[in-house]
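Please consult the sequence and the structure together.

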Amino acid sequence: MPLFFIFIVVPLLELMLLLEVGAIIGSGWTFLIIIVTAIIGTKLVKQQGLQTWSKIQQELATGSLPAQAMFDGICILISGVLLITPGFMTDILGMLLLTPPFRKIVYSQVGHRVQVRSAGFNASGFSHHSSSSGQTFEHDLNRDNNAHSSHDMNNGTNKSLNNEPTTIDGEYKRKE
């Protein structure tokens with residue numbers, strides 16, 4: 001149902017609004033307003049996007065998770081799409097998403113529903129997390145690429161169709 005609303009209802013409403021505004025102020029002025037909002041919006045999206053990217057990098061460098069900055073980046077991206085879409089409703093929503101106070105209001109309403117978890121990344125790089133419920137497999141690869149053997153280290157049985165996570169232990173040697 002949301003896709004129906006996005007791809008059918010919103011464009012039809014935009015078209016109706018464009019025709020009504022065009023009838024009142026003229027089609028030339030309507031066209032000019034749409035082009036000007038797209039140009040101004042593109043410049044603002046670029047400026048705020050670069051600022052947000054810099055803020056994300058700074059927060060990652062300090063070791064903190066940049067949840068608010070990432071949310072701002074998503075809002076700016078959505079704003080860019082809305083601003084280059086012809087129409088007055090999308091332009092208004094796009095401009096609202098470019099204003100930091102509006103983004104803070106949206107974040108306060110939506111932010112508590114989103115759970116951000118650190119997936120093993122810290123300031124020094126990726127960290128290793130082992131799975132206690134998973135299985136450990138040993139894998140031998142011969143040079144001819146035809147002989148592969150995988151077996152469970154715990155009891156020697158082959159368990160490839162299991163829903164539990166799999167931990168693969170091994171070493172990587174780079175050949176130069």
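Helices (H or I, at least four residues) and strands (E, at least two) are DSSP runs, numbered from the N terminus. The model is a predicted one, in which local features need pLDDT of at least 70, side-chain atom pairs count only at pLDDT 80 or more, and totals for chains, interfaces and linings use all residues. Residues are numbered from 1 along each chain as its sequence is written, and side-chain values use heavy atoms, with hydrogens and water left out.

Helix α2 spans residues 27–61 and includes Q48. This residue is buried, at 14% relative accessibility, where buried means under 20% relative accessible area, exposed over 50%, and partly exposed in between (1.4 Å probe, protein chains only). Beyond its neighbours within four places in sequence, Q48 is in contact with I76, L98 and R103; contact means heavy atoms within 4.5 Å.

R103 also takes part in a salt bridge, its side chain meeting that of D72 at 3.3 Å, N to O. A salt bridge is a side-chain nitrogen of Lys or Arg within 4 Å of a carboxyl oxygen of Asp or Glu. The pair links distant parts of the chain, 31 residues apart: D72 lies in helix α3 (residues 67–84) and R103 in helix α5 (residues 100–110). D72 is buried, at 10% relative accessibility, and R103 is buried with a relative accessible area of 5%. By this rule, the count is 1 salt bridge.

Confidence is expressed as pLDDT, the predictor's confidence in each residue, from 0 to 100. The protein has a mean pLDDT of 78, and 65% of its residues reach 70 or more. Over residues 120–134, pLDDT stays under 50.
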